[in-house]
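The stops below are given in the order in which to select them.

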Amino acid sequence: MKELNEVIEVVNPVVRAERERMDDEDVCVDVRNVSVMFNLSKNREDGLKEYLINMIKGRVGYDEFWALRNISLQVRRGDSLALIGRNGSGKSTLLKTIAGIIKPTRGTVEVKGTIAPLIEMSGGFDRSLSARENIFLAGAMHGHTKKYMKKRFDEIVDFAEIERFIDVPLKNYSSGMISRLGFAVATCVNADIIIADEVLSVGDAKFRMKCEERIRQMLQSGTTILYVSHSAAQVKKMCRNAVWLEKGRMVDFGTSAEICDKYMRSLKKE
């Protein structure tokens, strides 16, 4: 029977393609040959007026900066993947590209499922509004109804530890309070994929433990986690696999323990 199936695959490319598609059903993030290029201005204008004059006269020059080069990876449902590397290696750029915040210059990104990006924790909040109003605003931005957010409201407020300040405008909040609120809102919305950039540095040690426990619970329920951190210990604790990036290129991929150890050894050699 096995030999017959192999013959069928050879003579029938449609069957073979269907089997390949079925094998990839669990892939929720598919990054294929992605490169991202930014234009860095070489001019040093003192103001907008001078910049516009130079632009009209064709005197504005740019340098090409490739933040990512030919990145390909797949993430399966329920997996936990960390991105590690030094500052400027392209970790946050890759997260933002997967989240749809940045469009790739080359290549494609396919995402199956809803995303909750924990990249800029205060992103989407209106600082002139109260925390109460911002919770419903953020929920609407994630596509949730007012009824759904009412059900999760007490949970969000309790997790963020802002009960006394719920009707205070966010402009009077500390950055830590806003970050806690952002984390609480983003992780209550039952997204299929969580994209997190250094979120476990939020708040004090006690709150960071709450965040770690929340992420563990989400992993157990089948949520996919894409995570950036400079802490090798945290990466090993939170993620099954890791990607090592250097100057926008993928250096290595494997288990988080293996890749973190290789990365740390490379730093000691310098």
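**Before selecting anything**

This is a predicted model, in which local features need pLDDT of at least 70, side-chain atom pairs count only at pLDDT 80 or more, and totals for chains, interfaces and linings use all residues. Residues are numbered from 1 along each chain as its sequence is written, and side-chain values use heavy atoms, with hydrogens and water left out.

**Stop 1: the whole chain**

Show the chain as a cartoon. The protein chain has 10 helices and nine strands; these are DSSP runs numbered from the N terminus, helices being H or I with at least four residues and strands E with at least two. Of the 270 residues in the protein chain, 40% are buried. Buried means under 20% relative accessible area, exposed means over 50%, and partly exposed lies in between, with a 1.4 Å probe and protein chains only. Among contacts (heavy atoms within 4.5 Å) between residues at least 6 apart in sequence, 70% join residues at least 24 apart.

**Stop 2**

Two packed helices are described by the angle between their axes and the distance between the axes. Here the axes are lines fitted to C-alpha atoms, for helices over the stretch in contact, and angles run from 0 to 180 degrees between N-to-C directions.

Select helix H5 (residues 131-141) and helix H6 (residues 146-160). H5 and H6 have axes 10 Å apart and pack at an angle of about 130°. That angle makes H5 oblique to H6; angles under 35 degrees count as roughly parallel, over 145 as roughly antiparallel, 65 to 115 as roughly perpendicular and the rest as oblique. The crossing of H5 and H6 is right-handed. A crossing is left-handed if the near helix is turned anticlockwise from the far one by less than a right angle, and right-handed if clockwise.

Show side chains at the contact. From H5, Arg132, Ile135, Phe136 and Gly139 meet Lys146, Met149, Lys150, Phe153, Ile156 and Val157 of H6. This contact of H5 with H6 divides into six nonpolar, one polar and three charged residues. Ala, Val, Leu, Ile, Met, Phe, Trp, Tyr, Cys and Pro count as nonpolar, Asp, Glu, Lys and Arg as charged, and the others, Gly among them, as polar.

**Stop 3: H6 and H7**

Ile156, Phe159 and Ala160 of H6 touch Arg180, Leu181, Phe183, Ala184 and Val185 of H7. By class, the contact of H6 with H7 has seven nonpolar, no polar and one charged residues.

**Stop 4: H7 and H8**

H7 passes H8 in a left-handed crossing. Arg180, Phe183 and Ala184 in H7 are in contact with Phe207, Cys211, Arg214 and Ile215 in H8. In the contact of H7 with H8, five residues are nonpolar, none polar and two charged.

**Stop 5: Ser130**

Select Ser130, in the loop between strand E5 (115-118) and H5. Is Ser130 buried or exposed? At 8% relative accessibility, Ser130 counts as buried. Apart from neighbours within four places in sequence, Ser130 contacts Ile166, Asp167, Val168, Pro169 and Leu170.

**Stop 6: salt bridges**

A salt bridge is a side-chain nitrogen of Lys or Arg within 4 Å of a carboxyl oxygen of Asp or Glu; by this rule there are 12 salt bridges.

- Asp167 and Arg132 form a salt bridge, with the closest N and O atoms 2.7 Å apart. Asp167 is in the loop between H6 and H7 and Arg132 in H5, so the pair ties together parts that are 35 residues apart in sequence.
- Arg86 and Glu246 form a salt bridge at 2.8 Å, N to O. Arg86 lies in the loop between strand E3 (80-84) and helix H4 (91-99) and Glu246 in strand E8 (residues 241-246), so this pair ties together parts that are 160 residues apart in sequence.
- Glu258 and Lys262 form a salt bridge at 3.5 Å between the closest N and O atoms; both lie in helix H10 (residues 256-269), four residues apart, about one turn of the helix.
- Arg152, Glu155 and Arg214 are linked in a network of salt bridges.
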